[in-house]
Amino acid sequence: MEIEYKGLLVQALDVIFIFLPASVCLALAGLPFMSIFGQILAKIRQRSFYDKCARQLAKLAMWLGFFLIIGASYEIWPYLERVVRHLWEAEAVAPAGVESGAGIVAAAAKPEVSALDISFALCWFIWVCSWFFSSLYFSTWSMLKSFPIIHRGLAFLGGFFAFCGLYTIVVIRLATGIVDASGKITLYEIFVPPMDFSMLILAVFIPPLVFAMAGGFGAAWLVLRRGRDDFGRDYYNLMTPWCAAWARNSWFLVWLLLLVQGGLDLWLIWDETGSIPPDYPFRDLGMFMVLWFIPVLLWHIVVGSLTPLRHKLAIFIAPMMLMGFLYVMIQ
């Protein structure tokens, strides 16, 4: 029984310290684009609610980015230290007029820096750039109101760097396996991996995952800000379902892609063997698909409700289920 409790504790810590930051990374890539779209809708529909929601989402992106950078700095610091020391520290040299080998001044030599060290440092720098532009986007909301293209350009850069950060995380994770196997890897091999089927799957799944997480976090953020940003009941009855609709539609697309992937797997097995194995896990896959359809239903309840704030439980449970999905898929 004690071993089971320890296993559950380890899994809970994995979700908190690994998959919560992963979820934040996904949300940070989608929130700036949701804000841009909200500003555009505010202009087209002549409703200030969308602009207010865009500003709230921009504030969420700023704070999520801040806490992500602070938390990641602790893990990334050893890699950053090695890279900085390698760039700035000089090797020991012998003083003029002293024969070689005598009177050498002791100094620290440049530390060895691997391609992975540089990759981790670059990944951290990319996320800092994403947070920097997202923070500028929120901080200059009133200042750049007369320059909408420049203002939205800041949000675009924040989202663009976040997508670049996601790419670096994926390729570094893939490269870690290569290093474990062979012991050597170059920067080119890390950032330009072979475009195999797994990379194609990631390229297809990441965009809808990004906007599902951003929409889920956005809806939960509006509920949390209800007491401080009192924009009225009509505002939250309109904008909470709007954020939930982003999450519902994007996650439904992820679910459809999972269904298609399962169908392709079956077709490949049939094409190779001419039959389906009797022990094929239809039951497990069916339960898996039903389970991951639940967030769609939860967000659909919020979207279709005239009083969405009464469904706070659904608004908070759905993003947590997405974190569980990340846990299952990455494991």
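Tutor: Before we read any feature, one definition is needed: a helix here is a DSSP run of H or I that spans at least four residues, and helices are numbered from the N terminus. In this predicted model, Leu258 is found in helix α7, which covers residues 233-273.

Student: Where is the confidence of the model lowest and where is it highest among the elements of the protein?

Tutor: The mean pLDDT of the protein is 80, and 72% of its residues reach 70 or more. Among the elements, helix α5 (residues 187-191) has the lowest mean pLDDT, 62, whereas helix α9 (residues 294-304) has the highest, 94. Over residues 90-109 the pLDDT is below 50, and this stretch has 12 contacts in the model beyond near neighbours in sequence.

Student: Is Leu258 buried or exposed, and which residues is it in contact with beyond its sequence neighbours?

Tutor: The cut-off for burial is a relative accessible area under 20%, so Leu258, with 7%, counts as buried. Leaving aside neighbours within four places in sequence, Leu258 is in contact with Phe205, Phe288, Met289 and Phe325. Of these, Phe205 is 53 residues away from Leu258 in sequence, yet the two C-alpha atoms are 9.0 Å apart in space.

Student: What can be said in the same way about His151 in helix α4?

Tutor: His151, in helix α4 (residues 148-182), is buried at 2% relative accessibility. Not counting residues up to four places away in sequence, His151 touches Gln39, Tyr137, Thr140, Trp141 and Leu144. Its C-alpha lies 9.2 Å from that of Ile36, although 115 residues separate His151 and Ile36 in sequence. Ser134, in helix α3 (residues 115-139), is likewise buried, with a relative accessible area of 5%, and beyond its neighbours within four places in sequence Ser134 is in contact with Pro32 and Gly158.

Student: How many aromatic pairs are there, and which parts of the chain does the pair of Phe37 and Trp246 link?

Tutor: For ring pairs one looks at the distance between centres and the angle between planes, where an angle over 60 degrees counts as edge-to-face. The count comes to 23 aromatic pairs. Phe37 and Trp246 form an edge-to-face pair, at 5.6 Å centre to centre and with 80 degrees between the planes; this pair links distant parts of the chain, with Phe37 in helix α1 and Trp246 in helix α7, 209 residues apart. Phe37 is partly exposed, with a relative accessible area of 37%. Tyr50 and Trp242 form another edge-to-face pair, at 5.9 Å and 80 degrees, and this pair also joins distant parts of the chain, with Tyr50 in helix α2 and Trp242 in helix α7, 192 residues apart. Both Tyr50 and Trp242 are buried.

Student: Which residues form an aromatic cluster, and which make the nonpolar surface patch?

Tutor: One aromatic cluster is formed by Phe33, Phe132, Phe133, Phe156, Phe160, Phe161 and Phe163. The nonpolar surface patch, of about 420 Å², is made by Trp63, Phe66, Phe67 and Ile70, and Ile70 is found in helix α2.

Definitions and conventions: Residues numbered from 1 in each chain as written. Predicted model: local features only at pLDDT ≥ 70, side-chain atom pairs only at ≥ 80, totals over all residues. Heavy atoms only, no water. pLDDT = per-residue confidence, 0-100. Helix = DSSP H or I, 4+ residues; strand = E, 2+ residues; numbered from the N terminus. Contact = heavy atoms within 4.5 Å. Patch = residues over 30% accessible without salt bridge, like charges linked within 9 Å, V, L, I, M, F, W, Y side chains within 5 Å. Areas by Shrake-Rupley, 256 points an atom, 1.4 Å probe, with all protein chains shown as cover. Salt bridge = Lys/Arg side-chain N within 4 Å of Asp/Glu carboxyl O. Buried < 20%, exposed > 50% of the residue type's maximum accessible area, 1.4 Å probe, protein only. Phe/Tyr/Trp six-rings, centres within 6.5 Å; stacked < 30°, edge-to-face > 60°.
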